[in-house]
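Subject: Structure handover

Hi,

Please read them with the model open.

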Amino acid sequence: MAENSSETSSSVHRRCLAHFPAERNNSAGVGSSKWIRLNVGGTYFLTTRQTLCRDPKSFLYRLSQADPELDSDKDETGAYLIDRDPTYFGPVLNYLRHGKLVLNRDLAEEVLEEAEFYNITSLIKLIKDKIRERDCKTSQVPVKHVYRVLQCQEEELTQMVSTMSDGWKFEQLVSIGSSYNYGNEDQAEFLCVVSKELHNQSYGTNSEPSEKAKLQILQERGSRM
């Protein structure tokens, strides 16, 4: 009789597990809340509770722990609603997953803002270091210039210099003597060297005359006068 009673109890337990899958998972030692679904600005992200717990001081840690002081809503699928841009959340989540920052340097400031929102201190420091490194490299790039040599008479000189625009700056003035105009007195003539910063790097170094080339241009123009 005891043996029959044991078989009956086991059969009932198996039937209960079949009707209640959550109970079956718990009995197998698999936590039903291991995975967490996030709805960030309308885009869904699926990750583990362990990933979100990387930084105990972060917003995501509190969210994963269902902090009662954290006012968080869920959508109809059970995903936590976060009103942020999903484009910049991807690098944040990947950093929590594997500890590496994979980032387009042009988006560094935007991802930094997200890291500050989620209060992930190690990521904030890492991005700030990347920004400083980027800015330092940019500031060390030598400024390139393109030069032009303009010929003008004395009476045109003041107007030409005062009307320069689009970033052109006066560099040097070279007198090349005078020219004779019928009915007028001799007019002094000049070569005016102007320069402009070359912002478009696609031009390459061939578009930027060197100092030697600039002097050669002046000599050639002067010899033809």
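The side chains of arginine 132 and aspartate 129 meet in a salt bridge, 2.4 Å from N to O. The term means a side-chain nitrogen of Lys or Arg within 4 Å of a carboxyl oxygen of Asp or Glu. Both residues sit in helix α7, 3 residues apart, so about one helical turn separates them. Arginine 132 is exposed, at 52% relative accessibility. Here buried means under 20% relative accessible area, exposed over 50%, and partly exposed in between (1.4 Å probe, protein chains only).

A caution on sources: this is a predicted model, in which local features need pLDDT of at least 70 and side-chain atom pairs count only at pLDDT 80 or more, while totals for chains, interfaces and linings use all residues. Residues are numbered from 1 along each chain as its sequence is written, and side-chain values use heavy atoms, leaving out hydrogens and water.

Aspartate 129 also forms a salt bridge with lysine 125, with the closest N and O atoms 3.2 Å apart. Aspartate 129 is partly exposed at 29%; lysine 125 is exposed at 55%.

Which residue pairs with arginine 134? Glutamate 109 does, at 2.6 Å between the closest N and O atoms. Arginine 134 lies in α7 and glutamate 109 in α6, so the pair ties together parts 25 residues apart in sequence. Arginine 134 is buried, at 17% relative accessibility. Glutamate 109 is partly exposed, at 36%. The whole structure has 5 salt bridges.

The largest nonpolar core has 27 residues. Such a core is a set of buried Ala, Val, Leu, Ile, Met, Phe, Trp, Tyr and Cys residues joined through side-chain atoms within 4.5 Å. Leu38, Phe89 and Ile120 are among those with the most contacts inside it. Helix α5 (86–98) is one of the elements that each supply at least two residues, and α5 gives the most, with 6. A second, separate core of 6 residues includes Met160 and Trp168.

Leucine 38 is in contact (heavy atoms within 4.5 Å) with residues including Thr43, Leu63, Ile82 and Phe89, leaving aside neighbours within four places in sequence.

Overall, the protein chain has 9 helices and 6 strands. These are DSSP runs, numbered from the N terminus: helices are H or I, at least four residues, and strands are E, at least two. Of the 225 residues, 28% count as buried.

Best wishes
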